[in-house]
Amino acid sequence: MADSLLFTPGNIGPVTLRNRTIRSAAFEGMGRDNNPTEELKAYHVSVAEGGVGMTTVAYAGICRSALSFKSQLWLREEIVESLRDMTDAIHAAGAKASIQIGHCGNMTHIATAGGIPVGASTGFNLYSPTICRGLKHDELKQLAREFGHAVNVARDSGFDCVEVHAGHGYLISQFLSPYTNHRRDEFGGSLDNRMRFMRMCMEEVMKAAGSDMGVLVKMNMRDGFRKGMDIEESLEVAKELQRCGAHALVLSGGFVSKAPMYVMRGEMPIYTMTHYMKLWWLKYGVRMFGKMMVPSEKFKELYFLDDARLFRKELPEMPLVYVGGVVSRLGAEKVLDEGFQFVQMGRALLNDPAFVEKMRADAECHSECDHVNYCIARMYSRDMACHKHVKDLPEKIKKEIEDIRRRDMASV
């Protein structure tokens with residue numbers, strides 16, 4: 001099976017990957033006080049040793065106001081040396097290294113962000129929960145420059161690529177979506193206006209990337225709910241990103257503060273999520289209303305493929321990265337056969353960092369991830385971990401996992 005396109009080299013701008021697989025920027029929750037750790041390094045090195053073409057370090061904030069959690073990286077000069085230690089080890093294992101850069105917008109709190117959370121518009125974010133204020137013009141210019149600065153820090157840290165986060169309801173996405181952008185100036189209203197901040201950021205990113213770094217952009221194909229951004233506008237966003245010079249687009253969807261399971265699919269284990277929460281009032285509030293706040297979305301293999309095909313058709317020359325339900329070699333090869341250049345995987349590589357090598361060895365290889373989403377339920381309170389690797393799970397969590405698995409099997 002050596003002829004499989006999956007195991008041939010592919011390019012993202014000036015960067016060549018040894019194969020077409022990328023570890024997606026699924027949040028690891030393995031940082032400490034916004035710094036990298038040996039745990040974070042060990043995980044990404046294990047994925048590199050497992051055969052992936054490139055591994056992506058997740059959700060690094062470009063500045064203090066960009067941070068949602070203390071377990072998230074803050075990409076700044078003080079951590080360059082420790083990041084370089086990680087990227088050197090990834091490279092030694094034969095993989096490329098990427099880091100996702102972004103700003104959380106209103107998905108944070110005063111203590112974490114160092115001030116009132118900011119967003120496209122002033123309002124209230126129920127999911128944090130927090131009040132946020134709309135950004136001023138001079139702040140937008142500064143934040144765009146921070147995106148460029150983050151690229152330079154990433155280069156100094158040994159990363160081959162950056163992935164700009166422009167989806168999932170974080171700051172750039174908050175400007176793009178009519179759901180969160182209620183501005184009445186030149187950054188709001190029409191889609192062209194709503195793309196203005198994205199263009200500012202991309203100008204700084206591409207200038208900083210120069211000729212030696214690859215630039216991917218994660219974007220939404222749909223926000224996943226009424227009054228959000230839908231496929232027609234998203235196609236225009238994708239074309240604009242191509243004009244901005246992005247080397248590849250990662251086609252995703254969903255909104256953390258409105259449709260979180262649209263991103264990942266399946267059911268959120270609410271008891272598990274609250275079990276790891278520290279704030280008692282949040283714990284019991286989520287237990288009472290979590291099912292309403294985080295509605296389930298049925299999981300199926302390659303769940304974003306139908307939408308992604310529309311982007312493949314409309315952007316014939318643009319390198320596109322497929323993400324969403326890649327859990328088998330047959331599924332990954334199907335995506336590549338339909339004209340996508342790369343596949344991203346998250347939960348399959350959390351379940352088994354060696355999944356890529358196992359796919360190479362077995363044409364029928366299928367991930368053992370059962371998509372009960374225990375890993376997602378705990379990742380914002382603790383590190384991201386598969387329940388199959390965790391010893392001594394509480395009995396109530398075991399029961400919840402089994403109940404979700406049983407419901408999934410009954411719905412097939």
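In this predicted model, Cys365 counts as buried, at 9% relative accessibility. Cys161 is buried as well, with a relative accessible area of 0%. A search of the whole structure finds zero disulfides.

In soluble globular proteins, nonpolar side chains tend to be buried together. The largest nonpolar core here has 122 residues, of which Ile99, Ile101, Leu249 and Phe311 touch the most other members. Helix H7 (residues 196-209) gives the most to this core, contributing nine residues. Apart from this core lies another, of twelve residues, among them Ile12, Ile22, Met54 and Phe342. The surroundings of Ile101 can be described in detail: leaving aside neighbours within four places in sequence, Ile101 is in contact with residues that include Ala60, Ile62, Leu75, Phe147, Ala150 and Val151. Val162, Glu163, Val164 and His165 also belong to the contacts of Ile101.

Strand S11 runs parallel to S10, and five bridges join the two. Within this pairing, Leu216 stands opposite Ala248 in S11.

The loop between strand S10 (214-220) and helix H8 (231-244) contains Lys227. Lys227 is not a glycine, yet its phi is positive, at about 75 degrees. This residue is exposed, with a relative accessible area of 65%.

A further sheet is open and consists of three strands in the order S6-S8-S7, with mixed pairing. Strand S6 (118-119) and strand S7 (123-125) stand at the edges with a single partner strand each, so one side of each is left without a neighbour in the sheet. S7 and strand S8 (residues 130-134) run antiparallel and are joined by three bridges. Asn125 stands opposite Thr130 in S8.

Helix H2 (residues 80-92) has 13 residues and reaches 18 Å from its first C-alpha to its last, close to the 18 Å expected at 1.5 Å a residue. Its buried residues include Val80, Leu83, Met86, Thr87, Ala89 and Ile90. Among the elements that cover the buried residues of H2 are helix H1 (38-49), strand S4 (54-61), strand S5 (96-102) and helix H4 (137-156). Just after H2, Gly94 takes a positive phi of about 95 degrees.

Helix H13 (residues 329-337) has Arg329, Gly331, Ala332, Glu333, Val335 and Leu336 among its buried residues. The cover over the buried residues of H13 includes helix H12 (305-314), strand S12 (320-323), strand S13 (342-345) and helix H15 (355-361). H13 is followed by Gly339, whose phi is positive, near 105 degrees.

With 17 residues (395-411), H17 reaches 24 Å from its first C-alpha to its last, close to the 24 Å expected at 1.5 Å a residue. Ile397, Glu400, Ile401, Asp403 and Ile404 are buried in H17. These residues cover an arc of only 160 degrees around the axis, which puts them on the same side of H17. The helical repeat provides the background to such a pattern: an α-helix has 3.6 residues a turn, so residues three or four places apart point the same way. On the other side of H17, Glu395, Lys399, Met409 and Ala410 are exposed. Helix H10 (270-275) and helix H16 (374-378) are among the elements that cover the buried residues of H17.

The loop between H16 and H17 holds Asp392. The phi of Asp392 is near 60 degrees, a positive value in a residue other than glycine. At 76% relative accessibility, Asp392 counts as exposed.

How values were computed
Residues numbered from 1 in each chain as written. Predicted model: local features only at pLDDT ≥ 70, side-chain atom pairs only at ≥ 80, totals over all residues. Heavy atoms only, no water. Disulfide = S-S within 2.5 Å. Buried < 20%, exposed > 50% of the residue type's maximum accessible area, 1.4 Å probe, protein only. Helix = DSSP H or I, 4+ residues; strand = E, 2+ residues; numbered from the N terminus. Expected span 1.5 Å × (residues − 1). Arc of directions from axis to C-beta. Contact = heavy atoms within 4.5 Å. Core = buried A, V, L, I, M, F, W, Y, C linked by side-chain atoms within 4.5 Å. Pairing = 2+ DSSP bridges.
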